[in-house]
Structures are given as structure tokens and as C-alpha cells.
Amino acid sequence: MVRCRPLRDVADHFFTTRNLSLHLDDPAWASVAHELGVETARLLLVRQVHRAEVAVARAGRESTWLRPEADVIVSDDPASAIGVRVADCAPILLADCRRCAVGAAHAGWRGTVRRAATAAVRAMQNTFGSAPADLVAAIGPCLGRCCGEVGPEVVQAFREAGHGEDALRRWFETGPSGRPHLDLARANREQLEEAGVVAAQIYVAGLCTKSYAEVLHSYRTDKENAGRMVAVIRSQKHPEP
């Protein structure tokens, strides 16, 4: 598993690797929960749909978690862990240095078009009172610019969603085949910055899932046989200054 040292100082978390496949019925979910010190039933996931809807897991909830349809989940519950599953898409974890609040976002190109990273920051701000400048963020392994070939319709989708031409020039470059390549991590990093997260508090793994397919799951490599990695995080209380 992979951890971000600065984020670890704020909240327990990790990104799994290829040693676990983590399909939804995989018994290995129990080991993921155990690693974070929560019951398996308190490891909260969502039904990901490549958009930017937000699910909220509040402390003190009594009802059973029903895996709502969303690609962002935020929580202030230290008794639960939250997570998103990926296999080339960007997993983003967030934690508040001052408040008991964390977030997780699943951002493939469609979620990035819809600003899933921004939605995570805004949800923590509006739901738990987090100041964006107090957040520490980690973007885990995802498809890199090197392997992120897409069609011109993807560039157009970003344009139609209101992303500026300057941003598109930074996020896309023309690959050897003449088709555009998307820098998924950079696009999400810049969206976090635009949402108010301090640049020095955003950490990027810089590991391309397709380039390191022997240790990371990649849908581009394995297609329908691809397993999934999970990015998980658990909130912890922080004393107010």
C-alpha cells in the first residue's frame, strides 16, 4: 500500500496496490477495514458514476450505509473510514488539519470535467466548516500523461464544461499518434488549488497506473479483467488552536 507522509500526520489513510483486487464482494475488504481500525461495516463506499455528486457520512449516524450514487464522499466520523475505488482514474484524499473532517473523490476524465475535486472541497467547507487552506490533499496513482491518450471529444467536453483554453493547453498535449494526452493529476491538482487548497499542501504520487501495471491496477492494461485499488481515509480529532 501507498501512504502520503504529510497526509498521514493529519489522518490515517492509504492507497492499495495490485496485491488486492477489491471487487465489491472481495473478502479482502475486511483486511482493509482492519488496517484502518474500523469494523468492515464502517468502511463506507459509494456507487461511482463518473460525475461529481457528494455523499455525506456524519458522525453519530445509526442507519445502515446504503452506498449512495456518488463520486465524492465526505465524513466527520472517526468511527468510520471512507473510500473510492479506481483503476486508472485519479483517487483524491483530503483531510482537515483543524477539524474532524475528511474527503475522498474519484476523478476520471469525466469526473474531472465535472470538477469532482472542487466538489469535495466545497462539500467539506459547506458541511463541516472546513477552510480550504486547512486541507491537506493527496492524489494517488492514476493514468499519467504518458499513457493518457484520449479522443478529441474529451478535449471538447472540457471546453464545453467551461474549462479555459489556458487550462486545456496545460492539461493536454499531443502524443506521438497525434491524439491528445490528458495529464489527469495536474488537472485535479489545479482544480484543488482553484478551490482554495494551498499548493504546498497538495501531494501527487506521480505513479502512472499503466506504466506500473505490474504493481498497480490499470483498466487500460487489463480491460474487463482489471481489479480495483481503493483510496481510504479515516478522520481523527484535532485540537482547535
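User: Hi! Which residues have the most contacts inside the largest nonpolar core?

Analyst: Those are I92, L94, F158, F172 and L192, and the core they belong to has 38 residues. Keep in mind that this is a predicted model.

User: Got it. Which elements give two or more residues to that core?

Analyst: The strands are β4, β6 (90-96), β7 (102-107) and β8 (135-139), and the helices are α4 (116-128), α5 (152-160), α6 (165-171) and α7.

User: And where does the largest share come from?

Analyst: From α4, which supplies eight residues.

User: Let's zoom in on F172. What does F172 touch?

Analyst: Leaving out residues up to four places away in sequence, F172 touches R145, V150, V154, V155, F158, P180, H181 and L182. F158 is also among the residues with the most contacts inside the core.

User: How many residues are in the second core?

Analyst: The second core is separate and has 22 residues, including C4, V10, V46 and I82.

User: Back to β8 for a moment. How many of its residues are buried?

Analyst: Five of its five, so β8 is mostly covered, with buried meaning under 20% relative accessible area.

User: Which way do the β8 residues point?

Analyst: L135, A137 and I139 point one way, while V136 and A138 point the other way. Residues on both sides are buried.

User: How do β6 and β8 run, parallel or antiparallel?

Analyst: β6 and β8 run antiparallel, and five bridges join them. To find one of the pairs in the viewer, look for L93, whose bridge partner in β8 is A138.

User: What about β8 and β11, parallel or antiparallel?

Analyst: Those two run parallel, with three bridges between them. Here A137 stands opposite I202 in β11.

User: New topic! How many salt bridges does a search of the whole structure find?

Analyst: It finds 16.

User: Which residues are linked with R51 in a network?

Analyst: R47, E53 and E69 are linked with R51 in a network of salt bridges. The side chains of R51 and E53 meet at 3.2 Å, N to O, and those of E69 and R51 meet at 2.9 Å.

User: What does the E69 and R51 pair tie together?

Analyst: E69 lies in the loop between β3 (54-57) and β4 (72-75), and R51 in the loop between β2 (43-44) and β3, so the pair ties together parts that are 18 residues apart in sequence.

User: Why do R51, E53 and E69 count as partly exposed?

Analyst: Partly exposed covers what lies between buried, under 20% relative accessible area, and exposed, over 50%. R51 has 29%, E53 has 34% and E69 has 39%.

User: Where do R189 and E193 lie?

Analyst: Both are in helix α7 (residues 184-194), four residues apart, which is about one turn of the helix. R189 is partly exposed at 24% relative accessibility, and E193 is partly exposed at 33%.

User: Last one: is S218 buried or exposed?

Analyst: S218 is buried, with a relative accessible area of 0%. S218 is found in the loop between β11 (202-204) and α8 (219-222).

User: And which side chain does S218 make a polar contact with?

Analyst: The side chain of D88, at 2.9 Å. Not counting residues up to four places away in sequence, S218 touches A87, D88, T209, K210, K223 and A226.

Conventions
Residues numbered from 1 in each chain as written. Predicted model: local features only at pLDDT ≥ 70, side-chain atom pairs only at ≥ 80, totals over all residues. Heavy atoms only, no water. Buried < 20%, exposed > 50% of the residue type's maximum accessible area, 1.4 Å probe, protein only. Polar contact = N/O pair within 3.5 Å; in protein donor to acceptor, adjacent residues only side chain to side chain. Contact = heavy atoms within 4.5 Å. Salt bridge = Lys/Arg side-chain N within 4 Å of Asp/Glu carboxyl O. Core = buried A, V, L, I, M, F, W, Y, C linked by side-chain atoms within 4.5 Å. Pairing = 2+ DSSP bridges.
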